[in-house]
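Visitor: I would like to go through this structure with you. Could we begin with the aromatic side chains?

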Amino acid sequence: MRSILITNDDGIDSPSLKILTKKLTALGRVYIIVPERERSAGGHALTLHKPLRVYAIPWKYRDVKVWTTNGTPADCIMLGVYSLLPERPSFVISGINKGYNLGTDIIYSGTVSGAREASLKDIPAVSISVSAEAEKEDFEKAGEFLLRYIPKFSGLIPQGIFLNINIPPKADIDDICITFQGKFHYKNCLEKRIDPRGVVYYWLHGEKEYNDEEGSDIWAVGSNKISITPLHSIMTYYPLIDVLKNSL
């Protein structure tokens, strides 16, 4: 493997970055391009309304080049592929995110969008997440998992596909479930409030109602197993095409 590009939606202060660079230099040359601040729940946004700024960052490991940008995780992949890297990356890792990306939440995830953007460019990629309460040992375990499995993933992931991985704290590194995307429901997700000046504002939050169907990513993590879900970006619902053609 020639090179690995790492991005995330947690920014340059993510504790996972030094762990990943320390481990993954054994597999190839490592590059890091990340947002300068947290961009969680930003989805697959691209920056079109303002210039993208890029800043080189000194790093502990001399052979690892690191940049931050005012852009999004998807922007980071664009910058890496089309400008900053001297070669097309062999593999992309988006994460390690602090907080799972499961079920329908992946639609909003900046972490998942980093891997999705790479897959749109036919680069093998994974998004990877741990618990929101993760400690250093959880990031270490996720790093060990990637070190062990990236060579396998690289040869298995078809063009246009990426893997979404979630690692719960109690999971053994080899206790893996290949899963499908589950579904979350939210209730009471928008709260109306009034600020001290009497102006109405809204706070977006929500209580999850879990639908942990067996075989889903939500079920696997709830069972303390590592979830690996193959995903793609083609959203056409083919069964309805002929129905619509015959009805309209």
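Aromatic pairs and other contacts

Guide: The structure holds four aromatic pairs, where rings of Phe, Tyr and Trp (its six-membered ring) pair if their centres lie within 6.5 Å, planes under 30 degrees apart counting as stacked, over 60 as edge-to-face and the rest as tilted. In one of them, the ring centres of Phe145 and Tyr149 are 4.7 Å apart and the planes meet at 40°, so the pair is tilted. This is a predicted model, in which local features need pLDDT of at least 70 and side-chain atom pairs count only at pLDDT 80 or more, while totals for chains, interfaces and linings use all residues. Residues are numbered from 1 along each chain as its sequence is written, and side-chain values use heavy atoms, with hydrogens and water left out.

Visitor: Where do Phe145 and Tyr149 lie?

Guide: Both belong to helix H4 (residues 136-156), four residues apart, which is about one turn of the helix. Helices (H or I, at least four residues) and strands (E, at least two) are DSSP runs, numbered from the N terminus.

Visitor: Are Phe145 and Tyr149 buried or exposed?

Guide: Both Phe145 and Tyr149 are buried. Buried means under 20% relative accessible area, exposed over 50%, and partly exposed in between (1.4 Å probe, protein chains only). For Phe145 the relative accessible area is 0%.

Visitor: And what about the rings of Phe145 and Phe153?

Guide: The ring centres of Phe145 and Phe153 lie 6.2 Å apart with the planes at 50°, so this pair is tilted. Phe153 has 8% relative accessibility and counts as buried. Phe145, Tyr149 and Phe153 together form one aromatic cluster.

Visitor: Which residue lies over the face of Trp59?

Guide: Lys18 does, at 4.2 Å from the ring centre. A charge sits over a ring if NZ of Lys or CZ of Arg is within 6 Å of the ring centre and within 35 degrees of the ring normal.

Visitor: Turning to charges, how many salt bridges does a search of the whole structure find?

Guide: The search finds seven salt bridges, each defined as a side-chain nitrogen of Lys or Arg within 4 Å of a carboxyl oxygen of Asp or Glu. One of them joins the side chains of Glu87 and Arg2 (3.7 Å, N to O). That pair links distant parts of the chain, 85 residues apart: Glu87 is in the loop between helix H2 (73-84) and strand E5 (91-98), and Arg2 is in the segment before strand E1 (3-7). Glu87 is partly exposed at 26% relative accessibility, and Arg2 is exposed at 53%.

Visitor: What does Lys23 form a salt bridge with?

Guide: Its partner is Glu140, the closest N and O atoms being 3.1 Å apart. Lys23 lies in helix H1 (residues 16-24) and Glu140 in helix H4, so the pair ties together parts that are 117 residues apart in sequence. Lys23 is buried at 15% relative accessibility, whereas Glu140 is partly exposed at 27%.

Visitor: Now the surface. Which residues form a nonpolar patch?

Guide: Leu190, Ile194, Val200, Tyr202 and Leu204 do, with about 560 Å² of accessible area together. Patches are made of residues with over 30% relative accessible area and no salt bridge, like charges being joined within 9 Å and nonpolar side chains (Val, Leu, Ile, Met, Phe, Trp, Tyr) within 5 Å. Accessible areas come from the Shrake-Rupley method with a 1.4 Å probe, and for residues only the protein chains shown count as cover.

Visitor: Which strands supply the residues of the nonpolar patch?

Guide: Strand E10 (190-194) and strand E11 (200-204) each supply at least two. E11 gives the most, with three residues. Val200, in strand E11, is partly exposed at 39% relative accessibility.

Visitor: And the backbone: which residues does a cis peptide bond join?

Guide: It joins Gly95 and Ile96, with omega of about 10°. Ile96 lies in strand E5.

Visitor: Where is Ala41 placed, and what is its phi?

Guide: Ala41 has a phi near 60°, a positive value in a residue other than glycine. Its place is the loop between strand E2 (29-35) and strand E3 (54-57).
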